[in-house]
Amino acid sequence: MLSLIGKRIVSAIPSVIGVLVVTFVLTRALPGDPAAYFAGPAATPQAIEEVRRSLGLDKTLPEQFVVYIKDLATGNLGNSIATGQPVLTEIRTRLPASLELTLYGLLVSVLIAVPLGVLAATRPGSWIDHLCRVVTTAGVSLPAFFTGLLLVYVLYYRLGWAPAPLGRLDIFYSAPTTVTGFYTIDALIEGNLEIFRAALAQLLLPVTALAVFTLAPLARMTRAAMLEVLGSDFIRTARASGLPKGKIVYGYAFRNAMLPVVTTLGMVFSFLLGANVLVEKVFSWPGIGTFAIEALVASDYAPIQGFVLTMALLYVMLNLAIDVLYIVIDPRVGFES
Amino acid sequence: MSLLSMYRLPIHRRVFLFASSAILAAVALAGTPAFAQSRQETLVVLVENGPNSMDIHGVGTSFRSYVAAWNMYDRLVTFGIKTLPDGTQSYDYSKIVPELAESYAMAPDGKSVTFKLRKDAKFHDGAPVTAADVKWSYDRAVSVGGFPTFQMKAGSLEKPEQFVVVDDYTFRVDLPKQDKLSLPDMAVVVPAIFNSKLARQHATDKDPWAMEWMKTNSAAGGAFKLDKWSPGQEITFNRNDDWKSGPLPKIKRVIIREVPSPGNRRALMERGDADISVDMPQKDSAEIVAEKGTGKYIVVGVPIENSLKYIGLVTTQKPFDNAKVRQAVAHAVPYEQIYKSAVYGRGIPMAMGPGDAPKDASWPQPFPYKTDLAKAKQLLTEAGYPDGFETTISIDLGDATASEPEAVLLQEALGKIGIKATIEKIPGANFRNAMLQKNRPIHIASFGGWLNFPDYFFFWGYHGQNAVFNTMAYQNPKMDALIDAARYEADPAKYKNEVMGFIKLAMDEAPRIPLYQQILDVGMQKNIKGYTYWFHRQLDFRQIEKK
């Protein structure tokens, strides 16, 4: 297993280098002149030149690339001009915000989708199967930001049950001491239940919006995989041998159906991380997607590069985690590689 | 009966119930949180985007940052406050009052100003404010380059040698010549007074002005102290209880939250979870103004002084090098429709004025052009374009909410007189650069000056020096002569003549077709009193109170 993980990491290096080069070139090819943008509305051409020099944008592209790689080697991702902060600091505070949101969204989604898919597969044509179909169709046709707006309108604006959509914590709380960057976990570590409750309350609506959106692929995949496995020969054999029903469904059918579900889970997760920008906007969530979009609009190179690099590393780790999960679920996978 | 129905196991139901009860539990958790702070003394402000720097002199410091610099720092002098006809308070550009200075005196020849500093004023760290701090701050503003240096120059404040420490509590500014803009320019956001001892501790050989440190920290002594800044999320200030430069503010704590979605800002205001909302979409403010105070909250709108939303025509290229073509466009613009459907009436019309000459020396004032397609067509024929021509209308995507409908309405109207225009939408990052190139034949843009003098607007917007705001690349020696004369004119009667002279020229030549004067709309709860309009268009927490 360890050698497999090692091999995986080594094989990721070329793709990371490729990502570095491509983002560097692409950001430079973007239309827009960051120097003119950041020199302010009252800038003279010579003030713009000054800004260009101070940003190092007067150098040739290869020179800029060497500077970039050198900085990167020392862990310096540069400064975001738009927020005035080092990119590393920004990513360190914003990535946990996005991850917390996405992971909770996935967790809720899995908790609902997988049982729903299994139930639907075990009784096709029953009301639960129809429910599964309705939920997945609705989920896939409602974009997450729309569900988000709807939830805000009904649960916050109309009924006043949910807290204001003001990001990770209500205005009158201050963030817990950072350990993991996940407010709910940090609050528990601190033993501050009130902040834990407040953070969880803020998570409620965006997590629901994300969960509704991701329910569909997971539930459908679970249902399809379960149906296929339940119809296969070894299940019939197991049933004929008189094995207990629980053992058949969980010990054999469900475990075998897990592989495609885990693959879908990985895809949905990576998709969510990048795609929940709109949900972040709706809930004023200080996540990494919003940060990247704003940097793009301002042609702010350093944050874009930092964002893409972070995402690339995250995907490498995600793929690794999924491979390891495969081995855990189905030991044959490990032998084959 | 399906074969598979035999797998109907209770365990599934349990898992499902667990999942749904977890969600129910989470819903129950979302109660009303206990307030850690007294809501009455805290001001919650919603903005679309927050500051990007704590340093008003920094490179790329956005206008969103002015709110921090204005409330954290003191300046030597500030503007007085007046009440507008509708009862709203506004700063008074004609009245300069002492702030950090106890008093000031202009020399009889107008070539120097001497300031006496308050002896009891202290920075937030307790260090006394001395003339050395003032000099360091002024030196910094004129030395770091970019926007602050440029702004100082507008008031003839250019070189460190002009700033003299007479003694610990006396500071003198020498001026190369008498300039009516010098004193007002010392009351704008830029010449803030920094704690030079504190700042110097963070200066390095490469960075003598501590630009790096100042981005995220403050070396201030003003009415509010920086509490915590989380860029992109929130910034909080606490009142400085030892502030001596004015009456102690009523608000003890200010929280500025970034809420990107305008719908959510409105929901938060209507639910009473926030006190003030800036960055109002024109549609929202028009709706709330129409409620006439019967709604949940109110909108206070003040026309932005010395500012214009306009259509610019690049005068260095055919066909707009011909004044008749420019006048034809001015007669084709569907002004009424633009006011109604592009900005929902949230603008003061600056066209369809009476007569064809300026009524006085005020600025901005309505231009005489009215929508008259027959006249437009006739002018176009006289200019030698009876069949029209093809051109483009460029707009800033960052301002698309208003500019896009304006461009579409203009495009449609131009089509009626044979001018085929396509619309080019330029992303915010690139728009300024596009304007600098001065090759976008028709563009919709806006410009406003901090210092409320017509000659100041014209110096940047019409003068042949061709600053970036002269997006039309308009050059006319007659115009320049009038602007230059007015800039340093001491005789009020002559000044009035010169100003009316250049406004008349701008009307006749029509390189820039004014659409409307923009309105600064601020939404606030009904218990908010003391809101004051400032030239920098940001909130001043010092005057605000909650009743």
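Student: Which strands form the hairpin with five residues between them?
Tutor: In this predicted model, the hairpin with five residues between its strands is made by β2(B) and β3(B). B:Gly87 sits in the turn and has a positive phi of about 95 degrees.

Student: How many bridges join β2 to β3 of chain B?
Tutor: Seven bridges join strand β2 (residues 77-83) to strand β3 (residues 89-98) of chain B, and the two run antiparallel. Within this pairing, B:Phe79 stands opposite B:Ile96 in β3(B).

Student: And what about β8 and β9 of chain B, how do they pair?
Tutor: Strand β8 (residues 224-230) and strand β9 (residues 234-239) of chain B pair in the antiparallel sense over six bridges. They form a hairpin with three residues between them, and B:Gly232 in that turn has a positive phi of about 80 degrees. The bridge partner of B:Ser230 in β9(B) is B:Glu234.

Student: On to the open sheet of four strands: what is its order?
Tutor: The order is β4-β5-β7-β6 in chain B, with antiparallel pairing. The strands β4 (101-106) and β6 (163-167) of chain B stand at the edges with a single partner strand each, so one side of each has no neighbour in the sheet. From one strand to the next, the twist averages 20 degrees.

Student: How many bridges join β4 to β5 there?
Tutor: Five bridges join β4(B) to strand β5 (residues 112-117) of chain B. One pair of bridge partners is B:Ala101 and B:Leu117, the latter in β5(B).

Student: Which helix lies across β5, β6 and β7 of chain B?
Tutor: Helix α3 (residues 131-143) of chain B lies across those strands, and runs at about 175 degrees to β6(B).

Student: B:Lys292 has a positive phi without being glycine; what is the value?
Tutor: Phi of B:Lys292 is near 50 degrees. The residue lies in the loop between α9 (282-290) and β12 (298-303) of chain B.

Student: Is B:Lys292 buried or exposed, and why?
Tutor: B:Lys292 is exposed, because 8 other C-beta atoms lie within 10 Å and the cut-off for exposed is 12 or fewer.

Student: What about B:Arg537?
Tutor: Phi of B:Arg537 is near 70 degrees, a positive value in a residue other than glycine. B:Arg537 is found in the loop between β20 (532-533) and β21 (545-546) of chain B. With 19 C-beta neighbours inside 10 Å, B:Arg537 counts as partly exposed, since buried would require 20 or more.

Student: Switching to chain A: how many helices and strands does its secondary structure come to?
Tutor: Chain A has 15 helices and zero strands. Its C-alpha atoms fill a box of roughly 85 × 55 × 40 Å along the principal axes. Of the 337 residues in chain A, 45% are buried.

Student: How do α8 and α9 of chain A pack?
Tutor: Helix α8 (residues 183-190) of chain A packs against α9(A) at an angle of about 170 degrees, with the axes 8 Å apart. That makes α8(A) roughly antiparallel to α9(A).

Student: Which residues meet there?
Tutor: From α8(A), A:Tyr183, A:Thr184, A:Ala187 and A:Leu188 meet A:Ile195, A:Phe196, A:Ala199 and A:Leu200 in α9(A). The residues of this contact divide into seven nonpolar, one polar and no charged.

Student: Which residues have the most contacts inside the largest nonpolar core?
Tutor: They are A:Leu218 and B:Val45, in a core of 226 residues. Helix α9 (residues 193-230) of chain A gives the most to this core, with 23 residues.

Student: What is A:Leu218 in contact with, leaving aside neighbours within four places in sequence?
Tutor: Its contacts include A:Ser109, A:Val110, A:Ala113, A:Val261 and A:Leu265. Another core, of 21 residues, lies apart from the largest one and has A:Tyr37, A:Ala47, A:Ala302 and A:Ile304 among its members.

Conventions:
Residues numbered from 1 in each chain as written. Chains lettered and ligands numbered in written order. Predicted model: local features only at pLDDT ≥ 70, side-chain atom pairs only at ≥ 80, totals over all residues. Pairing = 2+ DSSP bridges. Axes fitted to C-alpha atoms, helices over the stretch in contact; angles between N-to-C directions. Contact = placed C-beta atoms within 7 Å. Core = buried A, V, L, I, M, F, W, Y, C linked by C-beta atoms within 7 Å. Parallel < 35°, antiparallel > 145°, perpendicular 65-115°, else oblique. Nonpolar A, V, L, I, M, F, W, Y, C, P; charged D, E, K, R; others polar.
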